[in-house]
Amino acid sequence: VSFDFGYASRFDGETKACGLFIHDRDTGAMHVIPTPQKGGKHLAYLCTEFCRFITWLGHSTISLKCDQEPATLSVLEAVRKTCRALGIKTHVETVAPGSHASNGGAEVTVKVLRQNANVLIQQLEQGCGISDVIGCHHPLYQWSLLHSAWVHSRFVVRQGLTPYEICSGRSYNGRLALFGESVLGFLKVSTKGAPQWTKGIWLGKTSSNDVHIIAVPGHQRLFVTRSVRRFP
């Protein structure tokens, strides 16, 4: 499992957004963890999401590969300790500083997910009749990175199988909406008589239990739901 910090931007002169890009050589699965900065106060968040991805892969023994940058070494040590607590055996392999080819899996992941995220955002802008509005620091762009990794792991075929099929032993047959599409999501409400179907923006699905992620206007937070209705 190789990983490295990467950057993404959409416009010239724009401050680039940072993310931790992860690649599993055995299954071909890719993942990205958008982050405001490398490590620091966000180290625990990076470690938690990284280990969540490793658990989803289902490996009992892994080799963690990264460069010798202090930020990546901090992530490496935190993930190694957490994997040990989870009963996952870990081996460590570092590459020489500046040797990007030695960590090729992570480098390819950065290029693939960044390109796919740009396609998702461009499709969204065209659907809304706008152009070059959503920058790399917009929340929708961060979610497009996550969704591009989710799509890659379930639909990109390598040697006759997708990463999802290798990990789970079955093909993926869940239902999807377009990224950024307006949908109706079924949300549990505590007040009787309140509407149970709420309009929101479809951002993707979770990897662990395959539920829909919806951003609801006015609530300033996200909802997850198993039931979604698409508009005509």
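How do the residues of the lining of the second largest pocket divide into nonpolar, polar and charged? Keep that question in mind as we look around this predicted model; we begin with the pocket it asks about.

## The second largest pocket

The lining of the second largest pocket divides into two nonpolar, nine polar and five charged residues. The volume of the second largest pocket is about 290 Å³. It is lined by 16 residues, and those closest to its centre are Val1, Ser2, Arg25, Ser63 and Lys65.

Which elements give two or more residues to this lining? They are strand S4 (61-66) and helix H3 (104-128). S4 provides the largest share, four residues. Keep H3 in mind, as we will meet this helix again below.

## The largest pocket

Now let us visit the largest pocket, with a volume of about 610 Å³. Its lining has 27 residues, and if you look for its centre, the closest of them are His31, Glu49, Lys205, Thr206 and Ser207.

Several elements each supply at least two residues of this lining: strands S3 (30-35), S7 (197-205) and S9 (221-225), together with helices H1 (43-57) and H4 (139-155). The largest share, seven residues, comes from H4. Sorted by class, the lining of the largest pocket has 15 nonpolar, eight polar and four charged residues.

## How H3 meets H4

Two packed helices are described by the angle between their axes and the distance between the axes. For H3 and H4, the angle is about 120° and the axes are 8 Å apart. Angles of 65 to 115 degrees count as roughly perpendicular and those over 145 as roughly antiparallel, so H3 and H4 are oblique to each other. The crossing in which H3 passes H4 is right-handed.

Which residues make the contact? On H3 they are Val112, Leu113, Arg114, Asn116, Ala117, Asn118, Leu120, Ile121 and Leu124. On H4 they are Leu140, Tyr141, Ser144, Leu145, His147, Ser148, Ala149 and His152. By class, the contact of H3 with H4 has 10 nonpolar, six polar and one charged.

## How H1 meets H2

The other pair to explore is H1 with helix H2 (residues 70-85), packed at an angle of about 55° with axes 9 Å apart. Because of that angle, H1 is oblique to H2. The two helices make a right-handed crossing.

You can trace the contact on the structure through Leu43, Leu46, Cys47, Phe50, Cys51 and Ile54 of H1. Their partners on H2 are Ser74, Val75, Ala78, Val79, Thr82 and Cys83. How many charged residues does the contact of H1 with H2 have? There are none; the contact has 10 nonpolar and two polar residues.

Notes
Residues are numbered from 1 along each chain as its sequence is written. This is a predicted model: local features need pLDDT of at least 70, side-chain atom pairs count only at pLDDT 80 or more; totals for chains, interfaces and linings use all residues. Side-chain values use heavy atoms; hydrogens and water are left out. On a 1 Å grid over the protein atoms alone, a cavity is a set of points where a 1.4 Å probe fits but cannot get out, and a pocket is an open set with protein on both sides within 12 Å along at least five of seven lines; lining residues have an atom within 4 Å of a point. Grid points are joined across faces, edges and corners, and a volume is the space filled by probe spheres set on the points. Ala, Val, Leu, Ile, Met, Phe, Trp, Tyr, Cys and Pro count as nonpolar, Asp, Glu, Lys and Arg as charged, and the others, Gly among them, as polar. Axes are lines fitted to C-alpha atoms, for helices over the stretch in contact, and angles run from 0 to 180 degrees between N-to-C directions. Angles under 35 degrees count as roughly parallel, over 145 as roughly antiparallel, 65 to 115 as roughly perpendicular and the rest as oblique. A crossing is left-handed if the near helix is turned anticlockwise from the far one by less than a right angle, and right-handed if clockwise. Contact means heavy atoms within 4.5 Å.
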